[in-house]
Amino acid sequence: MTARIIPSEHALQKAVAGFLQAVLCAPYYWTAIDHAARVSPRQGADRKRRGVKRGIADFLVMAPGPRVLWIELKRDTKAAKQSDEQIDFEEAQRACGADYVICRSVQDVQFAVYSWRRGTLREAA
């Protein structure tokens with residue numbers, strides 16, 4: 001039996017960005033939230049003073065309505081779970097009417113985005 005290769009979260013993010021770029025065009029809008037870079041304590045304090053918060057999901061997708069979908073990526077391992085800040089962010093977004101999904105593969109993202117575009121994400125999740 002061969003061991004399954006689990007891509008890094010960075011590799012997964014690049015693959016998801018490629019998928020979103022290929023399938024979403026105006027009026028849809030998407031962006032990655034680049035907040036995972038390691039910074040010094042001084043830079044971290046500066047980010048905090050500027051209002052940068054922990055726990056924000058990896059991707060934001062918007063559509064007319066307005067409709068909002070947040071995508072949090074996690075490696076497909078048992079150890080990969082949400083932090084307390086990520087759980088707080090998810091709860092806040094859901095309370096505001098946004099959709100939020102946790103995906104562990106490009107296929108998960110594809111299913112979530114196609115379901116969200118059809119308006120069936122809540123039943124599919």
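Trainee: Which helix holds Asp-84?
Mentor: In this predicted model, Asp-84 has its place in helix H3, which covers residues 84–95 (helices, H or I of at least four residues, and strands, E of at least two, are DSSP runs numbered from the N terminus). Residues are numbered from 1 along each chain as its sequence is written, and side-chain values use heavy atoms, without hydrogens and water. Because the model is predicted, local features need pLDDT of at least 70 and side-chain atom pairs pLDDT 80 or more, whereas totals for chains, interfaces and linings use all residues.

Trainee: Is Asp-84 buried or exposed?
Mentor: Asp-84 is exposed, its relative accessible area being 59% (buried is under 20%, exposed over 50%, partly exposed in between, with a 1.4 Å probe and protein chains only).

Trainee: What salt bridge does Arg-94 form?
Mentor: Arg-94 bridges to Glu-90, with the closest N and O atoms 3.0 Å apart (a Lys or Arg side-chain nitrogen within 4 Å of an Asp or Glu carboxyl oxygen). Both residues belong to helix H3, four residues apart, or about one turn of the helix. Arg-94 is partly exposed at 40%, while Glu-90 is buried at 15%.

Trainee: How many salt bridges are in the whole structure?
Mentor: A search finds four, among them the one between Glu-72 and Lys-74, at 3.6 Å from N to O, where both residues are buried.

Trainee: Switching topic, why is strand S3 largely enclosed?
Mentor: Five of the seven residues in S3, residues 67–73, are buried, so the strand is largely enclosed by the rest of the structure.
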